[in-house]
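Subject: The structure to look through

Hello,

Here is the structure I promised to pass on to you. Please open it alongside this message, and my notes follow below.

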Amino acid sequence: MFPPFPEEKAYSICLEMLDELNKGSLALEQIGDESESRSGQGIMLGSALCRDESGKVFALKTVSGISKKIVRKRENYDGEIFVSPIVSFEQVEQALKKNDSEIHSLTEKINSLKKERLLPCGKYSNQGEEEKALVEKRKTLCLESLKNVYELYEFHCAGGVTKKLIDICREKLPPTGTGDCCAPKILDYAFSHNLTILSMAEVFYGQSSEKRVMGQKYSPCDERCGLILKDMLGLEILYRDDDIIVVNKQSGILSVPGRGPDKQDCIVNRVKYLFPDCIFQPSVHRLDMETSGLLVLAFTKEAHRALNQQFENRVVKKEYIALLRGTLPEQFEKHGTMELFFRVDLDNRPHQIWDAEYGKNAITEWEELGREEYISPEGKKITASRMKFIPHTGRTHQLRLAAADSHGFCVPIIGDTLYGTCEKGERLMLHAEYLSFVHPVTGRRMEFHCPPAF
């Protein structure tokens, strides 16, 4: 995954940690027994340069896993904090203890039965019913033990909220060790102590291999950190530098703050929480609350001005994916462009209504990508149309109207609460999949692809 914060300063701290470990002023202490599979594999060292509410700057330092901790052997000083695991080795051992002996007993019985199936040719005959039952029982107990461990993990997240691992990974159990990498430990500590992260990085410490090189900097891992960091950060950061940030906005959150205290949670305020040195209004374009996908925001006034000009001059290119509740009428080709005219319904804001005389023109290019079976959260099955929309103008609700209005397809997007129907558990099936613009400082054309979750 893309590193969520600048890395350079924290990387220097990590290199200092490596040097101190080699010199002996820092040491790694073994807390529990190291498994044979982990022996000699090395670990990640992580660091973050942080600022507290008084303006004091110091370093957070940690290591990956729960079986080792980093300690200072000489010359303690005030500029560092060693971050402990979110869940301790002892807590994990206790959670596993309940089923441990029974799992070992089952394993011995399974191995004994397997040995009896060994044929003279060196192959095994098929499993018997007894062995199958024992294997299934062991699988159930192992899964129960894993859930017992995951129940312990609760993360402090941006904005002062906490989230449980089992809630973040509700649909599928995560890999073992999720939550034990350096990044979630650092973020958990920083958010629980109201710290602003200025820089964060990780390096590998151990014998170099094809996968990891001693002293090399690595981004947070996709397989574990990628599952939880977007929830901890409140943002899925796809790109970030000193001038801009690109995020994958989730469905159900505002792009910019609305009126009233209940409408302040939005992408803009989440960006400003993580990066408080950015400008007051970093937004240069918006997505509807129910729409997901790519958003670019500016950190500086200069970048904001340049991006705004690109949107005004239609230099920015956008593509959306939508799933329509039904099939297109026969008069429509597989590809085409429509021009519609809409204005706000003054008696029913924010709805837009057709007005050929006073409405603003909305030009939309479309391509039907195919038809597929859609199953709603309540189990209803329909034939849906998967569409690509390319807006050539930026009108309010332009794509939703192109789909739903009688002057368009008259086939609303699934989950559209304004112009269609939204069944229980549904979301608006509209996603900003592609975004391209010129970097406001470097002048380089930037392209981002982010496939939808549907």
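H397 is buried, with a relative accessible area of 9%, in this predicted model. You will find H397 in the loop between β17 (381-391) and α9 (398-404). Its backbone deserves a look too: phi of H397 is near 60°, a positive value in a residue that is not glycine.

N194 sits in the loop that links α5 (182-192) to β8 (196-205).

One more backbone feature is worth a click. The peptide bond joining R349 and P350 is cis, with omega at about 5°. P350 belongs to the loop between β14 (335-344) and β15 (352-354).

Now to the helices. In α6 (residues 225-233), the buried residues include C225, I228, L229, M232 and L233. These residues lie on the same side of α6, because the arc they cover around the axis is only 130°. What do the buried residues of α6 pack against? Their partners are β6 (154-156), α4 (165-168), α5, β10 (237-240) and α7 (267-274). Just after α6 comes G234, with a positive phi of about 80°.

The pairing of α6 with α5 can be followed in some detail. Two packed helices are described by the angle between their axes and the distance between the axes. For α5 and α6, the axes come within 10 Å and cross at roughly 15°. An angle under 35 degrees counts as roughly parallel, and α5 and α6 are therefore roughly parallel to each other. The crossing of α5 past α6 is left-handed. On the α5 side the contact involves A183, P184, L187, D188 and F191, which meet C225, I228, L229, M232 and L233 in α6. By class, the residues of this contact are 9 nonpolar, no polar and 1 charged. The α6 residues named here were listed above as buried.

Helices α2 (residues 89-116) and α3 (residues 129-150) form another pair. Their axes come within 9 Å and cross at roughly 165°. Since angles over 145 degrees count as roughly antiparallel, α2 and α3 are therefore roughly antiparallel to each other. The crossing of α2 and α3 is left-handed. Their contact has 12 nonpolar, 4 polar and 9 charged residues.

Finally, have a look at I245, in strand β11 (residues 244-249). I245 is buried, with a relative accessible area of 0%. Which residues is I245 in contact with, leaving aside its neighbours within four places in sequence? They are I237, Y239, R240, V271, F275, L295, V296, L297 and F299.

Happy browsing, and do write back with any questions.

Best wishes

Notes:
Residues numbered from 1 in each chain as written. Predicted model: local features only at pLDDT ≥ 70, side-chain atom pairs only at ≥ 80, totals over all residues. Heavy atoms only, no water. Axes fitted to C-alpha atoms, helices over the stretch in contact; angles between N-to-C directions. Helix = DSSP H or I, 4+ residues; strand = E, 2+ residues; numbered from the N terminus. Parallel < 35°, antiparallel > 145°, perpendicular 65-115°, else oblique. Left-handed = near helix turned anticlockwise from the far one by under 90°. Nonpolar A, V, L, I, M, F, W, Y, C, P; charged D, E, K, R; others polar. Buried < 20%, exposed > 50% of the residue type's maximum accessible area, 1.4 Å probe, protein only. Arc of directions from axis to C-beta. Contact = heavy atoms within 4.5 Å.
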